[in-house]
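Student: Hi! I have a new structure open and I'd like a tour. Could you walk me through it?

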Amino acid sequence: MKALVVGTGLGGMTTALRLRRRGYQVEMVEKFHQPGGRLNQIKKDGFTFDMGPTFFSMTYEFDEFVRDAGLSTMPFAFRELDVLYTVHFRDTGKRFRIYRDLDLLAREFEEVEPDFRRKMDKFLSSAARFFHDTEYLVLKRNYDSLFSYLLTLLRVPLRHSPKLFRSVWSEMERHFESREVREIFSLVAFFLGATPFDTPAIYTILSYTELVHDGYHNVEGGMYRIVEGLKKELDKAGVPVHLNTEITAYRYENGRLAAMVDGSGTSWNADLFVVNADAAGFRHQVFKRKKFSAARMDKMQWTLAPFTMYLGLDTRLHDIPLHNYFLGNNFREYSGKIFKNAIKLDQPYYYVNVVSRSDPGSAPQGCESVFVLCPVPDLRFKPDWSDRDRLAGNILSDMSARVGVDLKKHVVSQTLMTPVEWRDSFNLYQGSGLGLGHNLDQIGGFRPKNVDEEFGNVFYVGASTLPGTGLPMAVISSKLVVERITRAYGPIHT
Ligand SMILES: Cc1cc2nc3c(=O)[nH]c(=O)nc-3n(C[C@H](O)[C@H](O)[C@H](O)COP(=O)(O)OP(=O)(O)OC[C@H]3O[C@@H](n4cnc5c(N)ncnc54)[C@H](O)[C@@H]3O)c2cc1C
């Protein structure tokens, strides 16, 4: 039984290894020139950068994967972050370190939020109850129909239902008084590519996963070690990976999908197909389904697009920690307008990762490699990025003032990726960075299914199908799709 996996994102690679373990013959095709999808790498001018993800939670999903795929060891080494991240405010100049240790965290906020520890404990225990009541019941589950999803929701304890109707921001307002605490702990919505004002309060579970449950981790030697490690395992398992190969068409014969066809006209035959390309985007672009027509796709909620900068500096930045969020002083207005390009990007909000702080090998001696991520509107709302240098300049000026170093004088290498490059590199719809949004009508039974509606031998894995976006979710997604495939075809005995 042969499976063709289209795409080498984390979801695709972990699916390939799980299937191989079950005796399937597996082959992979990938549009980009390197494996990894959004979890990719840029090397330039002596500097090395992770292209997208910089840290992740729920490491135990990787442990589960290693066991399930029968790997002898974890193919890369995690490192737990002690300060999860630091948040900088533009107007007051204040910075807050987000510790996992709740006593240290309480000390950080004692000036702005009296009684912080008690309030935080209450907030986190509510999020914890929701997480543990739904993790196995709702999140890590395949749905055969919308009806079965709705039935499952009925089994979630009723006390959680207000979280469905409140936003992350209103949940913050219920628990905390200070602007600083509200803004900082609602940043989790941005991790989902949305804003706290339009993200349901159920996602405050991310505060629980970051602060209590499993924290945040990165990878020794950089995040791309995950991909390099998995690629070695694919080589060992005899899974061929064909790069620079984009699927653009298909062949349908005798009531089933017989082959995917690439841009050069080559047919890739298999018994079954797992699509790791965006689950909505592929149905739109390749299968040309009515339900995923351009008009319908544009009406869906898509996550914010990334504007990313990869900077090589010929100096060290001693005063700035590893992971940083730089916020302005108009959080609500900025959040409300950023999606629709109704705000000027002259005073942007952005995230900065000083890559060489944790991986000195990523920059030459005495230098620093720095990654900047600024969430921006997707290409529906801002199709023209000819002003990319202006935005990059605004970020550099703002950051220079805030870290006390004139960065423009020290940039010796600069690479920019606007939503256009993100779209073109990985087929991300309208350049949206994290795929389909996580509104209530786009999650669970409402999200594009991981089995195709028309072709029974086509399956999907990754951020825009079940369960959602982020690295641990891609690993869970591979578990769910492999469950589905083995339910249909069984483990193969060779
Ligand atoms: C800037 C940025 C920062 C992020 N930061 C974090 C973070 O810190 N922590 C975290 O957990 N998550 C983060 N994420 C999210 C995370 O990267 C994604 O959720 C995850 O990597 C998605 O994996 P996936 O399996 O869906 O596949 P993808 O990474 O989307 O890979 C799919 C692959 O399919 C290929 N493909 C597409 N179409 C075709 C085709 N027609 N033919 C052949 N190949 C095709 C693409 O080229 C791509 O390689 C970030 C994302 C971005 C963009």
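**A first look around**

Tutor: Happy to! The secondary structure of the protein chain comes to 18 helices and 19 strands. Keep in mind that this is a predicted model.

Student: How compact is the chain for a protein of that length?

Tutor: Its radius of gyration is 22 Å, close to the 23 Å that the globule rule gives for 494 residues, so the protein chain is as compact as a globular protein of that length. Along the principal axes, the C-alpha atoms fill a box of roughly 70 × 55 × 45 Å.

Student: And what share of the residues is buried?

Tutor: Buried residues account for 46% of the 494 in the protein chain. As for contacts between residues at least 6 apart in sequence, 72% join residues at least 24 apart.

Student: Which domains is the chain divided into?

Tutor: There are domain 1 (2-40 + 222-297 + 438-489) and domain 2 (101-214). Taken over C-alpha atoms, their centres are separated by 30 Å.

Student: How many residues are in contact between domain 1 and domain 2?

Tutor: Twelve residues of domain 1 are in contact with 15 residues of domain 2. On the domain 1 side, the residues that touch domain 2 are five nonpolar, five polar and two charged.

Student: Let's go inside. How many residues does the largest nonpolar core have?

Tutor: That core has 129 residues. Those with the most contacts inside it are Ala3, Leu4, Val6, Ala16, Phe273, Val275 and Val372. Helix H18 (471-489) gives the largest share of this core, nine residues. Both domain 1 and domain 2 supply at least three residues each.

Student: Pick one for me. What is leucine 4 in contact with?

Tutor: Leaving aside neighbours within four places in sequence, leucine 4 is in contact with Glu27, Val29, Met260, Trp268, Ala270 and Phe273. Phe273 is also listed among the core residues with the most contacts.

Student: Switching topic: which residues are closest to the ligand?

Tutor: The closest are Gly7, Gly9, Gly11, Gly37 and Gly462, and 36 residues surround the ligand. The elements that give two or more residues to this shell are helix H1 (10-21), strand E14 (305-313) and helix H18 (471-489). H1 provides the largest share, three residues.

Student: How do the shell residues divide by class?

Tutor: They divide into 17 nonpolar, 15 polar and four charged.

Student: What does threonine 15 touch?

Tutor: Not counting residues up to four places away in sequence, threonine 15 touches Val5, Val274, Val461, Ser478, Val481 and Val482. For a sense of distance, the C-alpha atoms of threonine 15 and valine 188 are separated by 27 Å, and those two are 173 residues apart along the chain.

Student: What about asparagine 427, where is that?

Tutor: Asparagine 427 is in the loop between helix H17 (419-426) and E19. Its phi is near 55°, a positive value in a residue other than glycine. Asparagine 427 counts as partly exposed, with 19 other C-beta atoms within 10 Å.

Student: One last stop: is aspartate 144 buried or exposed?

Tutor: With 11 C-beta neighbours inside 10 Å, aspartate 144 is exposed. Aspartate 144 lies in the loop between helix H4 (116-139) and helix H5 (146-154). From aspartate 144 to asparagine 439 is 20 Å, C-alpha to C-alpha, and the two are 295 residues apart in sequence.

Key:
Residues numbered from 1 in each chain as written. Predicted model: local features only at pLDDT ≥ 70, side-chain atom pairs only at ≥ 80, totals over all residues. Near = placed C-beta within 6 Å. Helix = DSSP H or I, 4+ residues; strand = E, 2+ residues; numbered from the N terminus. Nonpolar A, V, L, I, M, F, W, Y, C, P; charged D, E, K, R; others polar. Core = buried A, V, L, I, M, F, W, Y, C linked by C-beta atoms within 7 Å. Buried ≥ 20, exposed ≤ 12 C-beta atoms within 10 Å, placed from the backbone. Domains from an automatic or database assignment. Contact = placed C-beta atoms within 7 Å. Rg over C-alpha atoms; globule rule 2.2 N^0.38 Å.
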